[in-house]
Amino acid sequence: MIGYKEEIDMLSRLSEKNLAGVITTNYDNFIENHFNGYTVYVGQKELIFSAIQGVAEIFN
């Protein structure tokens, strides 16, 4: 991971922008660990039946 530190830092800074959300099929916590303050929804049931805010959300 040391070789990717600059890219990871850039990704973390990107998360500070006003992104509506991130959609991923990852099963690890990489995005959640680097996008601080985002609400995480796992699975279609959580996504469909949750009150979506429209900003700072991660859909797995």
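Begin by selecting Y38, which lies in the loop between α2 (30-34) and β2. Helices (H or I, at least four residues) and strands (E, at least two) are DSSP runs, numbered from the N terminus. This is a predicted model, in which local features need pLDDT of at least 70 and side-chain atom pairs count only at pLDDT 80 or more, while totals for chains, interfaces and linings use all residues. Residues are numbered from 1 along each chain as its sequence is written, and side-chain values use heavy atoms, with hydrogens and water left out.

**Stop 1**

Is Y38 buried or exposed? Its relative accessibility is 11%, so Y38 counts as buried. The term buried means under 20% relative accessible area, exposed means over 50%, and partly exposed lies in between (1.4 Å probe, protein chains only). Display the side chain of Y38 and follow it to the backbone oxygen of S15, which it reaches at 2.8 Å. A polar contact is a pair of N or O atoms within 3.5 Å; within protein, one must be able to donate a hydrogen and the other to accept it, and residues adjacent in sequence count only if both atoms are side-chain atoms.

**Stop 2: the ring pair**

Now select F35 together with Y38. Which kind of aromatic pair do the rings of F35 and Y38 form? Rings of Phe, Tyr and Trp (its six-membered ring) pair if their centres lie within 6.5 Å; planes under 30 degrees apart count as stacked, over 60 as edge-to-face and the rest as tilted. By this rule the count comes to 1 aromatic pair. The ring centres of F35 and Y38 lie 5.1 Å apart with the planes at 65°, so the pair is edge-to-face. F35 has a relative accessibility of 4% and therefore counts as buried.

**Stop 3: S15**

S15 counts as buried because its relative accessibility is 8%. Which residues does S15 touch, not counting those up to four places away in sequence? They are H34, F35, N36 and Y38, where contact means heavy atoms within 4.5 Å. Show the backbone of H34 as well: its oxygen lies 3.5 Å from a polar atom of the S15 side chain. Between S15 and N36, 21 residues apart in sequence, the C-alpha to C-alpha distance is 7.6 Å.

**Stop 4: the salt bridge**

Select K5 and D9, both in helix α1, where they are 4 residues apart, about one turn of the helix. Side chains of opposite charge can pair when their charged atoms come close. The side chains of D9 and K5 meet in a salt bridge (2.9 Å, N to O); the term requires a side-chain nitrogen of Lys or Arg within 4 Å of a carboxyl oxygen of Asp or Glu. The structure holds 1 salt bridge. D9 counts as partly exposed, at 30% relative accessibility.

**Stop 5**

Select V40 in strand β2 (residues 39-41). V40 is partly exposed, with a relative accessible area of 30%. Its C-alpha atom is separated by 9.6 Å from that of G21, 19 residues apart along the chain. Continue to G43, in helix α3 (residues 43-49). G43 is also partly exposed, at a relative accessible area of 31%, and 9.9 Å separates its C-alpha atom from that of T25, 18 residues apart along the chain.

**Final view: the whole chain**

Select the entire chain and colour it by confidence. The elements run α-β-α-β-α-β from the N terminus on, with 3 helices and 3 strands. Of the 60 residues, 22% count as buried. The average pLDDT (the predictor's confidence in each residue, from 0 to 100) is 76, and 70% of the residues score at least 70. Among the elements, helix α1 (residues 5-14) has the highest mean pLDDT (87) and strand β3 (residues 57-59) the lowest (65). Where pLDDT is low, the predicted coordinates should not be read in detail.
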